Amino acid sequence: MAASTPRLEQIDRILDDGIVLPPIRDVLMQLERLFADPDATPAQYAARIQQDAMLADAMFRVANSPLFNLSRARVEALQKAVVLLGNRNIMAIARSECLRQALSDSSNTALMEILWQRQSRIAEHMLAAQHALRPAGVRPDLTYLLGIFHDCGVALIARQQPEYGQVFFGPAGWPDLPSLDAACGFDHALVGERLARNWKLPDEVALATLNHHRVGLSDQPDTVRRLVALLQLGTHLFHLNDGGVRSERDEIEIDWPEQRDWATDCLELDAERLARLEEMAISCGPDAA
């Protein structure tokens, strides 16, 4: 119990500093209830999703993309998209879209755009690597959720502390987040974990969000370790080809040199396969994998 005290104090600090966790939207709560019902049908999912235009659009966008390896004829009917995606992937997409809407902030529009596009692209690179490597115990929905959620603590801190968000527009571009946290007295990974648990995300995603800058992770389950390694690899691939997300400034890659040996060992990724993934990321982006 004593070992957890510093972490509990950090959680209290988050609440004391007024960092507000956004509530779960009604549409997501209704889908969560469907997900908990083993007898729920695709028609029931489709009926609820079609009432939210942005959510329905997100389902079509993913079903008609290579993100979840759905390289088939274009999907035009929502119920067919629901069947093809499957319940877990539906929930990952719904949580992602609802998070994007929840983090919308008129006072921080530029930062939210940078953050969301960056996390979306990292999620795509993670999925491409996951499809290529097939790490044991790592499902595509977990991969996608971690890619989307891992830095959401940045948005919540910046909403409460504007000076934190201003750092992202300095000459260095995307900052060294652990160093920024230490300087400002925050912990974006812990804030992100709090949001993940508040939104009832899978435990593996919450733990990976909390630990995503670490290496080793001997205290974590294998699935969490592989998810974190996949995120670190996906972030590295993002730096090689960011799809024009940060076209005005180059982003300095800070963490990969320290993460590389551990992450590749965790994913059983040899130098030759890593080089192939890097080459595909540079030449074609995540869709190539």
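Predicted model: local features only at pLDDT ≥ 70, side-chain atom pairs only at ≥ 80, totals over all residues.
I started with two helices: H7 and H16 (residues 271–283) pack with their axes 12 Å apart, at an angle of about 140°. For me that makes H7 oblique to H16, since angles under 35 degrees count as roughly parallel, over 145 as roughly antiparallel, 65 to 115 as roughly perpendicular and the rest as oblique. Axes here are lines fitted to C-alpha atoms over the stretch in contact, with angles from 0 to 180 degrees between N-to-C directions. Helices are DSSP runs of H or I, at least four residues, numbered from the N terminus.

Residues are numbered from 1 along each chain as its sequence is written, and side-chain values use heavy atoms, without hydrogens and water.

Next I looked up who meets whom: His-125, Ala-132 and Leu-133 in H7 touch Arg-273, Leu-277 and Ala-281 in H16 (contact means heavy atoms within 4.5 Å).

Then I checked Gln-119, which sits in H7 (residues 109–133). Gln-119 is buried, at 1% relative accessible area (buried is under 20%, exposed over 50%, partly exposed in between, with a 1.4 Å probe and protein chains only). Among its contacts are Phe-149 and His-150.

Last, I went for the rings. Tyr-164 and Phe-186 have ring centres 6.2 Å apart and planes at 80°, so I logged the pair as edge-to-face (centres within 6.5 Å for Phe, Tyr and the six-membered ring of Trp; planes under 30 degrees are stacked, over 60 edge-to-face, the rest tilted). Tyr-164 is buried at 0%, and Phe-186 is buried at 13%.

Methods:
Lists of a residue's contacts leave out its neighbours within four places in sequence.
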